Every structure is written in structure tokens, then in C-alpha cells.
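Dear colleague,

Please read them with the model open beside you.

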Amino acid sequence: MKVEPGARELLEAARAALVNEVIPLLPADKRYAALMAANAMAISIRELSLPATEAGERGRLAALLGQPASDPIAEANRTLAARIREGAFDQGSARAALLGHLEATTRERLAVSNPRALRPPQEKP
Amino acid sequence: MNAPLHPSANRPDDGSGHEPRLRAEGLLALACGGPLELESWERLSGGAIQENIAVEARVATGPHAGKHAWVLRMDAQSAVAVSLSRESEFAILRAVHAAGVLVPEPLFLCADGGGPSFFAMRRVPGVTAGHRLTKDDTLVPDRPRLARELGANLARLHRIAPPVASLAFLGDAPADGAKACVADYRRGLDELGAVRGEAWPALEWGLAWCARHAPAPLHSRLLHRDYRTGNYLVHEGRLTAVLDWEFAGWGDPREDIGWMLARCWRFARPDREAGGIGSAEDFLAGYAAEGGAGVSWEETIYWQVLAHLRWALIALQQAERHRSGSQASLELALTAHIVPELEGEILALTKARP
């Protein structure tokens with residue numbers, strides 16, 4: 001049986017100690033490394049907190065490729081990438097379906113890597 | 001070596017690069033033709049590829065007698081194959097300085113084979129930090145003016161057209177810069193994919209879009225290839241010098257424009273298209289006023305997509321250097337987490353356009 005508190009709770013506590021107790025005392029030339037460490041911990045905490053997101057990606061890949069997606073998912077992504085390069089998704093409904101999948105996948109990746117960027121980007125009018 | 005001996009040869013090791021410092025003193029004394037002492041030696045924030053060292057040099061006699069503030073640009077331990085050697089970078093700096101581009105004046109190249117090659121350039125005052133330049137209006141009181149200066153300076157660079165005898169090491173200019181970029185980035189993704197057993201469908205989509213939309217090429221010019229906020233100095237609100245020329249090469253001049261305008265280089269101010277500093281209009285107007293091609297905002301979209309693709313590929317390559325164990329670094333590891341944001345930009349820019 002797993003000992004609690006486990007990975008996520010420990011990382012959260014470690015990050016709080018780093019941010020609240022250590023970083024304020026650091027000389028300026030060491031702050032950047034410590035802030036990077038805090039950011040790495042935040043990414044790890046989000047990855048541990050979110051439900052496994054590959055189910056959605058797997059379903060969408062199967063629909064796009066017309067065949068069950070591989071496990072691990074990388075092989076299906078290689079197939080999709082090769083088909084994109086061949087031009088199979090350049091137009092019409094194939095293009096719309098691909099863009100829907102890529103946007104959803106990018107949102108899922110952003111939720112871990114950088115949730116602040118989840119706001120829709122503003123393009124110049 | 002017949003460099004004159006000088007008092008600092010007896011200085012105790014202060015842990016700040018004693019041996020490189022002594023070697024630099026000797027080589028610079030030869031280059032200056034007079035006894036020379038480095039009175040200070042301070043590492044500036046550099047990349048993983050190059051080290052920049054600020055020095056104060058006192059030259060006793062000869063044509064360069066006097067006290068000088070220089071920066072020495074030296075290879076770090078982990079040079080990357082795609083970047084230029086110090087010898088080549090020095091040749092580039094001389095060519096662009098002669099063309100009137102704002103750069104630190106290149107002074108002496110020191111390459112004796114007895115250690116890393118380096119060159120000395122005149123130290124230029126100013127701030128490079130992107131988050132400060134984009135946030136702090138006291139550093140940039142007149143943003144439209146700085147945006148125009150950045151455009152004008154890029155136009156002066158883009159007057160340099162191939163062939164240039166002193167830049168022969170750059171190889172042949174591509175006939176079609178956009179198509180060359182697409183082929184280059186695809187090759188980069190394939191190499192990474194073979195190592196990792198992965199693929200990046202959003203980046204493939206961006207590349208397929210760029211392959212379909214490639215514009216009629218402009219004649220190749222000398223490109224900086226990292227012309228962006230963070231790589232130039234601003235002093236008293238004015239552009240004083242563009243740094244970091246290690247990626248320079250021939251290509252379509254709009255590639256540099258797209259890199260400068262891309263959202264990924266706007267730091268604290270994504271609403272200001274020109275590097276978080278000012279508007280695209282002012283930047284492009286400054287570019288055209290100095291003889292650069294007239295380029296519309298809509299025309300830059302293509303090159304902004306290419307810019308995001310290139311940065312995504314570089315980010316994946318940097319993360320792979322950590323992942324493979326060749327260079328363990330938290331900073332390199334975290335770079336991979338920039339990629340989803342770049343993918344989002346590529347999707348947003350391409351979605352509204354067939």
C-alpha cells in the first residue's frame with residue numbers, strides 16, 4: 001500500500017517551501033535557477049493532478065486514421081504526421097477534423113505545460 | 001609565444017578563469033602590438049554555446065595605447081554544430097559593421113589553436129532583457145521610434161546580398177528561402193522523430209500549410225536569424241547594437257521580419273507585434289524607409305508561422321540534449337514545455353487561412 005502523502009502532495013509541499021522560504025533569501029544570481037526549479041515542480045504537479053488525457057487523444061486519432069490507435073500512442077501520431085505531410089488533410093472535412101483534433105490535443109498539452117496560455121491567442125484585427 | 005610579459009602574470013588564481021585570462025592577455029597584446037593588461041574579467045550572462053566576457057584592457061604603448069572596455073566572445077564547452085565558429089562570426093560582424101548595421105565594433109580575432117578561439121569587440125552600453133524592455137517605459141520612452149530603428153537597422157543588414165567573398169563560408173544562397181526552410185525543418189523533425197520514436201502532428205500541419213502557401217521568393221539577403229527582443233541593446237531608449245550573430249546566413253529577408261514579429265518573442269507585451277516593443281506598422285515603416293522591401297502585415301503571417309515552427313524545432317532539439325544525457329540542464333528540459341504554446345500559435349494563424 002502506498003504511503004501517503006504521496007508524489008503530488010510531497011511535490012506541492014516541496015514547492016511551497018522552495019517558493020516561500022528559500023527563494024526570498026537567494027542572491028539575485030541564484031534566483032533564476034530556483035524559479036526554474038519551482039516551475040518544473042508546478043508542471044509535474046499539474047501532470048500528476050490531471051486525469052490521464054490520452055483517452056481523448058486516442059479516440060480522436062482512431063477516428064482520423066480510420067483504425068484503432070496504437071498503444072503506446074506515439075505510433076498513431078507518427079502515422080498521422082506522415083499522412084499530414086502527404087497532404088491527406090489539406091482540404092475540406094478532413095482538414096476541419098484534423099484541426100479540431102490538433103486544437104484539442106494542444107489544449108490538453110497546455111493544461112500541463114503552461115495553462116496561462118490557454119486563453120485564446122489574439123491575432124491583430 | 002613572444003607576447004610581452006606583464007605584472008598580472010603573477011596574479012594568484014582568483015577562480016575566475018585564470019588560465020583563459022592569461023591566454024587572452026597574451027593574444028590580445030599580440031593583436032594590439034603593445035603590452036596589455038586585463039584589469040577586469042567578468043562573465044556576462046551567455047548562452048550555452050558562447051561565453052561573453054567583459055574585460056577592461058590597459059594597453060601601455062602602440063597604436064591602441066589607452067584603456068578600453070571590450071567584450072570577448074568565446075566558445076563555451078558545448079558548441080552546437082549549426083552555429084558559426086568564432087572566426088566566421090567575426091567575419092560576419094566585420095561585414096555588417098561596414099554596412100552600417102548597429103553592432104559592437106569587431107576588433108581582434110584571436111585564433112591560435114592553443115585554446116578556444118575568441119574575438120574582442122568594443123563594449124556597447126545598454127539593456128537586453130526582454131521582460132524589462134517590454135515593461136519599463138523609462139527604458140524605452142519613445143516606443144514607435146525604437147520600433148522604427150529596429151526596422152531600419154534590419155533593412156541595412158538586408159542590403160547585403162550574395163555573393164560576398166569574405167562570407168564564402170556561408171555557402172550558396174537558396175533559390176527559394178521559404179521552401180528551403182520547410183525542407184530544413186522537416187529534416188530536423190525527422191531526425192528527432194527517428195531518435196525519439198515520436199512525431200509532432202501540429203508541427204507537421206504547420207509545415208504542410210507552409211509548403212502549400214510558399215510565396216514567390218525574394219532575392220536572398222544576409223539574415224541574422226535571431227533578430228528579436230533579447231538579442232539587441234537599448235541605451236537611453238535608442239537601439240545601440242544587435243548581438244548574437246552565430247546563426248547568420250543567406251535567405252529570404254522576410255524570414256527575419258517574421259521572427260521579429262512572431263508572438264513568441266513579445267515577452268510581457270503580446271499586444272505589441274514588433275518584439276513587444278512597438279507596432280508592426282512602425283517596424284515595417286522603418287524597414288521600408290531604409291530601403292527594405294515593402295511588406296504588409298498579412299504577408300508577414302506566413303513568416304510568423306515559419307518562425308513558430310523553427311522555434312518549436314529548436315526547443316525540441318534543446319530538450320533532447322537534456323533527455324539524451326549529452327547535456328543535463330533544467331533549462332533545456334523546460335524548453336520542451338514551450339512547444340504546446342507554439343503549436344497553439346501555429347494553429348491560430350493557419351486556421352483562418354485556407
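To begin with chain B, among contacts between residues at least 6 apart in sequence, 70% join residues at least 24 apart, a contact being a pair of residues whose C-beta atoms, placed from the backbone, lie within 7 Å. Please keep in mind that this is a predicted model, in which local features need pLDDT of at least 70 and side-chain atom pairs count only at pLDDT 80 or more, whereas totals for chains, interfaces and linings use all residues. Residues are numbered from 1 along each chain as its sequence is written, while chains are lettered from A and ligands numbered from 1 in the order in which they are written.

Chain B contains 11 helices and 9 strands, where helices (H or I, at least four residues) and strands (E, at least two) are DSSP runs numbered from the N terminus. Its C-alpha trace spans about 70 × 50 × 40 Å along the principal axes. The radius of gyration of chain B is 21 Å, which agrees with the value near 20 Å that a compact globule of 354 residues would have; this radius is taken over C-alpha atoms, and the globule rule is 2.2 Å times the number of residues to the power 0.38.

Strand E5 (residues 118-122) of chain B has 4 of its 5 residues buried, so it is largely enclosed by the rest of the structure. Strand E3 (residues 66-75) of chain B runs antiparallel to E5(B) and is joined to it by 5 bridges, with Leu72(B) partnered by Ala120(B). Strand E4 (residues 106-110) of chain B also pairs with E5(B) in the antiparallel sense, over 4 bridges, and here Leu109(B) has Phe119(B) as its bridge partner; strands count as paired if DSSP finds at least two bridges between them.

Leu28(B) touches, among others, Phe108(B) and Ala120(B).

With regards

How values were computed:
Buried ≥ 20, exposed ≤ 12 C-beta atoms within 10 Å, placed from the backbone. Contact = placed C-beta atoms within 7 Å. Lists of a residue's contacts leave out its neighbours within four places in sequence.
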